[in-house]
Amino acid sequence: MGISFAILGYFGYEIYQQSPPIPERIISAENKTIFTEAEIKDGQNIWQSIGGQEVGSIWGHGAYVAPDWTADWLHREAVFILDKYAKKDFNSSFDKLTEEQKAGLKIRLQQDLRKNTFNAQTNTITVSDDRMAAIAYLSDYYKGLFMDDPKFDQLRHDYAIPKMSIKDTERMRKMTAFFFWATWATVTERPGSKISYTHNWPSDELVGNVATSNLLIWSGVSIILLIFCIGVLIFYHVKSGEDEHFEIPAADPLLKQGMTPSMFMIKKYFLVVSLLIVLQVVMGVITAHYGVEGNGFYGIPLDKFLPYAVTRTWHTQLAIFWIATAWLATGLYIAPAVSGKDPKFQVFGVNFLFVALLIIVLGSMAGQWMGVMQKLNLIQNFWFGHQGYEYVDLGRFWQVFLLIGLFLWLALMVRPLLPVLREKTAEKNLIIMFLISCTAIALFYAAGLMWGRQTNLAIAEYWRWWVVHLWVEGFFEVFATVVIAFLFVRLGLLKTKTATLNVIFSTIIFMSGGILGTCHHLYFSGTPVGVMAFGATFSALEIVPLVLIGYEAYHNYRLSKSTAWLRDYKWPIYFMIAVAFWNFLGAGVFGFIINPPIALYYVQGLNTTPLHGHTALFGVYGMLGIGLMLFVLRSLYRHEVWNEKLMKFIFWATNVGLLAMALLSLLPVGIWQAIASIEHGMWYARSSELMQQPGMVTLKWLRAIGDTIFGLGILALCYFVFEISFRKKSRIGNA
């Protein structure tokens with residue numbers, strides 16, 4: 001881990017040095033100022049305030065209904081200039097020229113666009129007269145789109161962008177400045193290189209953005225390494241043999257476990273978790289519907305007060321919130337369960353943290369709505385509104401508040417476990433791993449504070465992926481592994497020593513690929529070429545442990561059948577089996593579809609990304625959150641009889657619904673887009689021309705089947721949690 005973080009830190013340093021420069025001025029050949037540094041930076045903040053990566057994408061990162069603005073600008077600029085050349089040289093449009101004539105004009109265009117005219121001494125970028133004309137044309141185009149030009153009504157509908165998303169022309173001009181700078185980085189060659197700052201992304205043959213040899217070489221290396229490491233892991237697994245067999249307890253050991261007052265406080269966390277899941281699914285349904293009806297919801301003009309940028313922000317953010325809350329609540333339940341008693345003020349701490357989390361969730365959501373509705377200035381928006389970065393959308397104030405909350409949670413974890421550590425019990429090493437993972441969860445969220453309001457996008461993306469990949473996918477993964485091992489030890493299904501060794505081995509496997517695997521998100525984000533080598537190599541290693549996931553699922557299934565009292569834990573264990581399935585399919589198969597550089601070059605920002613996102617984030621982390629919640633509820637309400645039919649419906653509806661959503665809609669849409677991207681370019685794969693074709697609209701509607709089944713399962717889960725919670729309370733009252 002030390003070596004991995006050293007390498008990741010080194011590339012962070014390189015990104016700071018080699019990120020696309022933001023000039024003091026963008027000027028014409030006659031030294032006329034077109035845009036200033038302040039306008040580009042303010043433009044970035046204005047883009048963030050309307051939702052940023054929740055309204056289309058920049059450099060491939062963001063939402064999928066509107067286009068990628070850099071790919072869109074680049075292609076429109078190229079077509080405009082080529083038509084200008086054709087009219088001047090041949091008095092014709094570019095499309096009507098012979099292939100030979102077209103080839104000559106494309107070379108001229110590429111010589112203009114790809115030449116790096118950044119002057120470090122004067123801190124300026126010089127653009128040609130043709131590009132100046134294109135900037136003027138595209139400024140009017142985007143002004144019409146984001147403001148209220150009636151000509152763009154249909155396009156706004158297709159892109160789910162409300163009228164007057166930008167309220168005044170000066171703000172619009174500044175956002176145009178940012179769009180131009182971000183697009184300039186995609187086509188301008190790095191000093192001393194033949195590739196652009198974004199490694200020739202997006203693909204567009206007109207401007208010479210084509211796949212490089214590095215993309216092919218490192219894709220090959222990653223696949224070869226994947227096959228080799230899978231072979232090594234299978235050899236190791238076969239050599240190490242089956243798990244050791246030992247006597248399973250005759251009765252549930254948790255029945256003897258004492259219950260502390262703070263452990264009873266956890267149930268309100270799960271009531272909120274279940275409500276947040278329902279709200280997240282509702283936002284997901286509305287967001288998906290905007291893909292076919294961009295200005296409303298079945299005729300209701302919803303975009304006037306709840307636009308796509310807001311619903312998608314809440315949908316992605318609520319996923320992080322409810323999953324994290326379920327996991328944090330499980331930790332708060334386990335810590336005092338080990339020692340059997342609460343430290344002083346533990347109950348107060350648990351209740352205080354609960355209130356703080358509620359304020360963060362509701363406050364950040366309200367701030368994001370106000371930001372997108374343009375009710376805040378740029379500084380207010382940064383602190384309390386919408387930061388515009390996918391998964392880290394909440395304002396800086398709410399980020400700091402959440403970080404403080406995580407450290408409070410860490411204190412609530414450590415205090416009950418300190419007496420147990422001093423006793424040097426057999427569980428000591430497992431508890432140490434548990435505390436290390438808790439510390440990492442609190443600590444690594446701080447990476448989200450490493451960028452400022454006007455930080456270069458390439459640098460902000462580097463730190464954003466520390467949060468999204470390292471915090472969510474890395475250290476939460478380790479925490480989950482420790483918690484599951486701990487629960488199985490407590491149930492008497494696993495020896496402490498075996499569990500500890502398994503946890504350490506799993507952590508090594510996860511983090512050896514996971515830390516440097518962060519780089520695979522950064523191939524085309526204005527980073528140096530070395531990022532691709534490490535990203536491709538180590539992201540392949542992330543897939544390796546998922547090959548043996550079927551064994552883990554079968555092992556858990558056998559455990560659930562091994563003795564009569566374990567049937568009480570059937571459904572929590574079944575959700576662990578679902579986690580194994582989605583780890584293989586969502587994280588493994590669908591993840592590797594987009595991981596190799598050559599694949600990602602063509603599919604970054606297409607529906608192959610939400611395919612992986614939904615099946616990995618909900619399939620793995622969501623199912624695990626539900627499984628952990630059910631473990632705790634089973635222990636809290638240990639004498640209650642569960643409704644088996646309801647639990648069966650919840651399990652199969654959520655899993656079948658998620659699979660149907662993936663296979664009936666997201667996968668075929670993603671494949672269709674990928675083919676279009678390879679044949680025509682990224683601009684076409686995200687265009688309304690492709691995405692509003694009747695066949696494509698039908699595929700988007702097919703998602704309703706899986707969404708409906710899944711939604712019914714989630715509603716049933718919410719009903720189950722509330723029913724068992726209030727049923728117990730009434731019985732205590734009667735007693």
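User: Given that buried means under 20% relative accessible area, exposed over 50% and partly exposed in between, with a 1.4 Å probe and protein chains only, does Lys 102 count as buried or exposed?

Analyst: Lys 102 counts as buried, because its relative accessibility is 15%. This is a predicted model, in which local features need pLDDT of at least 70 and side-chain atom pairs count only at pLDDT 80 or more, while totals for chains, interfaces and linings use all residues. Residues are numbered from 1 along each chain as its sequence is written, and side-chain values use heavy atoms, with hydrogens and water left out.

User: Which residue does Lys 102 meet in a salt bridge?

Analyst: Its partner is Glu 99, at 3.8 Å from N to O. A salt bridge here is a side-chain nitrogen of Lys or Arg within 4 Å of a carboxyl oxygen of Asp or Glu.

User: What about Glu 77 and Arg 131?

Analyst: Their side chains form a salt bridge with an N to O distance of 2.9 Å. The pair links distant parts of the chain, 54 residues apart: Glu 77 is in helix H3 (residues 69-90) and Arg 131 is in helix H5 (residues 129-146).

User: Is Glu 77 buried or exposed?

Analyst: Glu 77 is buried, with a relative accessible area of 0%. Arg 131 is buried as well, at 3%.

User: Turning to H3, what does it reach from its first C-alpha to its last?

Analyst: H3 has 22 residues and reaches 31 Å, close to the 32 Å expected at 1.5 Å a residue. The expected span is 1.5 Å times one less than the number of residues. Just after H3, Asn 91 adopts a positive phi of about 55 degrees.

User: Which residue forms a salt bridge with Lys 106?

Analyst: That residue is Glu 205, with the closest N and O atoms 2.6 Å apart. This pair also connects distant parts of the chain, 99 residues apart: Lys 106 is in helix H4, and Glu 205 is in the loop between helix H7 (169-187) and helix H8 (213-240). Glu 205 counts as partly exposed at 47% relative accessibility, whereas Lys 106 counts as buried at 16%.

User: Which residues do salt bridges with shared partners join into one network?

Analyst: Glu 39, Glu 170 and Arg 173 are joined in this way.

Conventions: Helices (H or I, at least four residues) and strands (E, at least two) are DSSP runs, numbered from the N terminus.
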